[in-house]
Amino acid sequence: MAFKALPEAAYLLDEAGRVLACSTLGASVLGMPPELLLGQQWTGLALGAEEGALLESGRGVAMATGAPHAVEGTWLGEHGPRPHTFCFTPLREGEGPVRVLVTVRPLTEAEAVHSRALALEQAARAEVEAAERRQSFLYQAMTTLFAHPPDPQGMYTLLAHLAVPDLADWCLVDAVEQGAWVSRVAVAHLDPTQFEQARALTKRFERREAPVGVLRVLHTGEPELVPAVTDSLLRAAASEPEHPALLSRLQARSYMIIPLKARGHTLGAVTFVSSASGRRYGPSDLALAEDLCVRASLAIDNARLFGESRRATRAREDLLAVVSHDLKNPLGVVQLASALLLRGAQGKPGSEPVLKQAGRIQAAADRMGRLISDLLDWGRIEAGGLPLEPSEQHVSSLVMEALESVRPLAEARGLKVTAELPDEDMGVTCDRTRVLQVLGNLLGNALKFTPEGGVLTAGARVHRGEVQLWVRDTGSGIRAEALPHVFERYWQAKDAESRGTGLGLYIAKGIVEAHGGRIWAESQLGKGSTFTFTLPMASTSLQKTSHPSL
């Protein structure tokens, strides 16, 4: 009788959470007589499943600790639902079972305001912490994906394992193949014993329009979110039997399917499935999964492009190697035959036509040999593997040898050849043959564009700890708008006397950069051009030598 007369709502619960007794006020606020409450489950009296879970957790804490425990929740009052304080006090007599006394007191207005403010603060803090966890997850996923070797298959597998268990119990990745087929390229699950079940899933299927599932996402490019997998959903998807069969096999309770898209193309789709965890996906989960897939799409697309680039480079190198080999053999025969013709016709009367034609054949064969070498160098530069054999060289020796190689042709055209070298020679670390190739290209271009009576000059100087070599001419010069493009592949001056491959300056730039140097051009129309490049100084002092004057 005393319990029933308590001035506040009170309930006595057994160890299973059933009502053993209640106060008169406790029954009246629920709108039923006390005798009807007896034996009912405590959580069944709560205002909704969430409130029931909150109250049950409070009872559990009190029973586990053996001490009073209080929580705040919503309960019926005289004027309807309002905030209350629930105090759970464990009771025990001797060796008897544990009972829990629950007293329910409505919060005062001030307490209710404080409780709402506290709840808002806790919700805001929880939201911030969740956002930080999402950002941390995305950062780690992005770092892991972009640090992975550029292998698309490996990245698909990595993506599936990144999603488990943070985002899903199951994660399936499907990739679009060439043509109309889709392959399941990766499956991940937290439990290793489930891999056998994963292998039983369909691995390849035809791409077509569908109302639901992966095929729909691949067709529309739009994500699919299902918070709860219900029987009605499975029946609605019966027209596409593979999809409900997959959901049933995975015991899916909720799922998301996100497309993998890059550069306007759909690469595949990722299916996130919640099963044993009971998690229900919502808009925030969808946003996180989309962010992950955007980053994964970029990494996978980069890996695919890298692979295509490597295959194209390898094919180009193979082609150049085959072509150069197949061309050099007959070219060698032509060069040998022309040399024999020239030697055999020397000094014989009436041999002038033979000598003339044999000379033309030999010049053409030499030019073809240079074109083949240029093509091979271009391929090596593009692949980033131009071979060098560095050694310490005298700068004066390089400049003088390059000038001597063009002197006969220059003098034949009425040009003067000069050198400008410092009094004391200097040393550089370089591949001698390659540097002579650079100087030869620059001097060869200068010969083309310098009119009769002009001057070709090559020289060297030390500037800020590096050696600068340069070639200057007094030719027609280069237009200002063309200067930034002279080292590009296939660039040629419009007024060139003879048209080559347009690779000479490009190859010169590749050789200089392979040495760790720089190359640039300066020019004035009507006054000529100067091409300058740098080389690293030798680490040891070379013996000073004098250099002959031209």
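Reader: What should I keep in mind about the model and its numbering?

Author: Residues count from 1 along each chain as its sequence is written. The model is predicted, with local features needing pLDDT of at least 70 and side-chain atom pairs 80 or more, while totals for chains, interfaces and linings use all residues, and side-chain values use heavy atoms, leaving out hydrogens and water.

Reader: At what angle do α13 and α14 pack?

Author: Two packed helices are described by the angle between their axes and the distance between the axes. Here α13 (residues 432-449) and α14 (residues 504-514) pack at about 150°, axes 9 Å apart. Axes are lines fitted to C-alpha atoms over the stretch in contact, and angles run from 0 to 180 degrees between N-to-C directions. Helices are DSSP runs of H or I, at least four residues, and strands are runs of E, at least two, numbered from the N terminus. The pair is therefore roughly antiparallel (over 145 degrees).

Reader: Which residues of α13 meet α14?

Author: R434, Q437, V438, N441, L442 and N445 do, against G504, L505, I507, A508, I511 and V512 (contact is heavy atoms within 4.5 Å).

Reader: And β11: buried or exposed?

Author: In a regular strand the side chains alternate between the two faces of the sheet. In β11 (residues 265-274), eight of the 10 residues are buried (under 20% relative accessible area, 1.4 Å probe, protein chains only).

Note on methods
Angles under 35 degrees count as roughly parallel, over 145 as roughly antiparallel, 65 to 115 as roughly perpendicular and the rest as oblique. Buried means under 20% relative accessible area, exposed over 50%, partly exposed in between (1.4 Å probe, protein chains only).
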